[in-house]
Amino acid sequence: MAIETQPESAQTPGGREPGPMPRQRPWWLRPAFHTAIIGAVIGYVFGHWLGNFIASGYQQGAKAGTNDFAIILGYVFGVIGWLAGLGVFNELFMQMTGRRVARSDEGLVGDLARYFRYSLDHKVVGIQYLVGMLVYFFTGGLFAMAIRTELLSPTYHVLSANAYLMVVGEHGTMMMMMMTSVIVGPLGNYLVPLMIGAKRVAFPRLEALSFWLTPCAYIILLSSVLFGGFPTGWTGYAPLSIQAGEGMDGYAVAFAIMGFSVILAGFNLICTIICYRAPGMRWSRLPMFVWAMLTTSFLFVLAVPVLIGGLYMLITDRTAQTAFYVNQLGGSNYLYEDLFWFFGHPEVYILALPGFGIVSEIIPVFTRKPLFGYKVAAAGMFGVAILSFFVWQHHLFDSGINPDMRPLFMLTTELISIPTGFIYLVAMGTFWKAKLRLTTPMLFAMGMYVNFLFGGISGVFLSDVPADVTAHGSFFVMAHFHYTIMGGLIFAFFGAVYYWLPKMMGIRLNQTLGKIHFWTMFIAFNSTFMPLFAVGELGQPRRVFEYARSLQTLNDWVSISAFCLGGSLLIFVFNFVMSTVVWRERETGNPWQARGLEWQVPSPPPPHNFERIPVVLAGPYEYGDPSALPVADLNPPAGVIAGALVGAGTESRSSAGTEA
Amino acid sequence: MAADAPAPAAPGGGTGRERNDGLWLTVIWLVLSIAGCLVVYFVWGPHLPPGGMSDSAASQQFDNRILGTVATPVVIGVLLYFGWALAFWRQKPGDETDAAPIHGNTRIAATWITVTAAIVLGLAVFGTYELIAPAGAGGGEGPQPIWKPNSSTILQVQVIGQQWAFTYRYPQFGGFETTQLELPAGQPVAFNVTSLDVIHDFWAIDLGVKADANPGVNNVAYTTPRHTGTFTVRCDELCGLWHGAMFDYGKVVSPAAFQAWARTTETRLASMTAALPPYSLTYDPTQISTLGKVPAELGLTGAGGGYYNPADPEQP
């Protein structure tokens, strides 16, 4: 159901023709970051008072002097105040009261202040996300450094037991929760409209809202440190999470808010991809990255609501004294485990599919060959996405739940390696007799394939129930998912940053530093996580601060490697800051000689991406094919849109509304 | 995932080149894979965790051996392929042209899918057999286990997790409760794992036994220790502040020594056993008025978690 004609509404951000410039208020009166902070503080204070007012008798422990109601309502009203201060509701009220909605700050390229505002331009949101995600990622990384410092010695403790659990929980939750959007946020929002030939996304307000919820989630998650942290790690298993102190409220609220954020982002991207493709951008010409964003977005909207439901019940268990997860009162801890992992396993693929999309996008450019087996690659992503909903109980193989279902979940889990194998088939076919250009993005893409290989193979061990009896809950699992997520997703993310930053900022990152970054990161990463497979198999459970003395050598090796890994990321920070702020090496053209539609417009793209809606003439991967048409006609003559199908020339017959 | 061997058949390659990449890759891959598989199975395999202290541990070790052997050609194949690409398929200096376009190859894709599907389905069948044959492979099977050891003399051991220690009850010896875990060699053991507060996980590492301790749920896991020795027990599910320090050691002793130890301990602890709540598959701490005295006598530091009365809405 490709929509081959121009959408009826004018494609301007905000959905309307820009009106006359309204009267400009001074900058400090316009809604922006600082008013949002004021709103958040007022909201928190109000919510906290309200919680104490309506539920003063409910305390977590007798005479504890604390009230979870007050904290949770404080968070909720703080978020509302933050959004109100940001001006999220202004236009809503203006439309409700029949006043004219006009935005004055759109399209002002070079105006730094718009990055601190509720901007509806998907390119601004993309940059906001990029900076935000880097901040969240490095915060989580610092917690990892603390964990490895503590694990230098089996018995000597740098951190107290509580501080260690707090750090473990913050690291895990920061990474698994905030990094859900690490690619969909910055790159998906920025690139998808450019890649499909649209001037805007379908729901710019949802998209902007999805970004502005992430700082709330980040601050709330960090704020649980003030309450002593939470002891449950990122999984938040009940009943420990019900027993835990007030820090747990921060976990539950932050995770739910991040859940709302990604659901909104997912809806926006699904509608954008389905409805806003330019004429000629058939499903069979859709870039792999867009396929990955589409499948990831479907996982967002289908899986994350389950998490929010589970967290909501956790919050009511902690505040309103319900007993969804309390065995003695008729609930069940299995309910939480099921709900959590029904979200949690698709979540793992939410963290893998964007990486697949990025490497599939990068390798044709630098092998100078078409993507091998386009349909196989798309089918692989869909296969992974669909199967990911049918495997969640492999996290519960030893929990005592449904032993008779184990063969089934073992089978479905192992089946996932078939569509994952497609991704490798596509990669290896694309590399066959290629002319490799070993640029920094290409190195990261190849590093991703190597790392994900180990992550995938170790996943087969975990899917096998007998082998999983030993590996479950140990450092083996920890090494496994760091190989898939850090080795897969984060390597792909850095490759994408090197590849697309010239597009997003018009600035090229230093390539020599980039290569140093890659090699140090690749070596340090493998040196960190490869020994952890052995550590886990030899009997070290996750999230412990004491371990067998015989494992100290391996743990020390891992810790030192982890510090090197942290150092290699500092090279990236140095490169990023110096390249974008100090050196500013301009790169406005098409530095990689890529065919992608996003590279056919100047860098950074003009305010409305394309002068006119382009007509897509060919697929994005037709490298080395002398007969291939240019990827799109960026300046189609008036009236050609209707006739665009014929304009595609050789493929005119098949293009009349059919898809591959 | 598996063999990249079919890849050389790709059309458009090979012409005008002296080196036959496909042949070279296949030969090198075959040689390395056979060598790698032999090393993994015969040299590394017998030393893989979790060892052979019990039949479930041995079956897990066998699984690790088989999976490791199957994984070796895959890993070697992919790494060799990318290494080969790095070595031979680089852009020549000054060559700005694109490579020959190959959009896909149905035969290779079909072969790939068939081979990976066959491997995966084979592994699933193998895993299912290895799960069922050794009575659940040491994993917790819940309150109604469906795979049981074929024996009439199963030693029942109850594992009670609480923050932050395990205690063990022996119902066939009067139900005494102790912090020491001793097992006889050669006799099937049923661990009835439960918890008093939050979720713990009983992981007898060397025995290859792992079962979550859920409050109010009896989770049964089976194993048969094969020879005597000590093993480590750790809590494998994050259970709060001192999760990292929640470990102890167990012993597998000869059947005669076990009988002697059990009888002696039963007699020694008789007065304490009388104070314990009667043996049951699960315990509700809110219903046990006498529980509070016992941990102190056992040398435990107490539960620390919020035991609360269901009738009291003041407590969550």
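The structure is a predicted model, in which local features need pLDDT of at least 70 and side-chain atom pairs count only at pLDDT 80 or more, while totals for chains, interfaces and linings use all residues. Residues are numbered from 1 along each chain as its sequence is written, chains are lettered from A in the order in which they are written, and side-chain values use heavy atoms, with hydrogens and water left out.

Chain A contributes 99 residues to the contact and chain B 106 residues, contact meaning heavy atoms within 4.5 Å. About 8,300 Å² is buried between chain A and chain B, and carbon and sulfur atoms give 67% of this area. Buried area is the accessible area (1.4 Å probe) that two parts lose on being put together, summed over both. On the side of chain A, the most area is lost to chain B by A:Met428, A:Trp432 and A:Lys433, together 10% of what that side buries.

Four salt bridges are counted between chain A and chain B, each defined as a side-chain nitrogen of Lys or Arg within 4 Å of a carboxyl oxygen of Asp or Glu. A salt bridge links A:Lys435 with B:Asp95, whose closest N and O atoms are 3.0 Å apart. Helix α15 (residues 417–431) of chain A supplies 10 residues, the largest share of the side of chain A that touches chain B. Helices are DSSP runs (H or I, at least four residues) and so are strands (E, at least two), numbered from the N terminus.

In chain B, a cis peptide bond with omega of about 0° joins B:Pro49 and B:Pro50; B:Pro50 lies in the loop between α1 and α2 (55–88). A cis peptide bond also joins B:Gln163 and B:Trp164, again with omega of about 0°, and B:Trp164 is in the loop between β1 (155–162) and β2 (165–170) of chain B. In chain A, A:Asn609 is not a glycine but has a positive phi of about 65°. A:Asn609 belongs to the loop between α20 (552–583) and β1 (615–616) of chain A.
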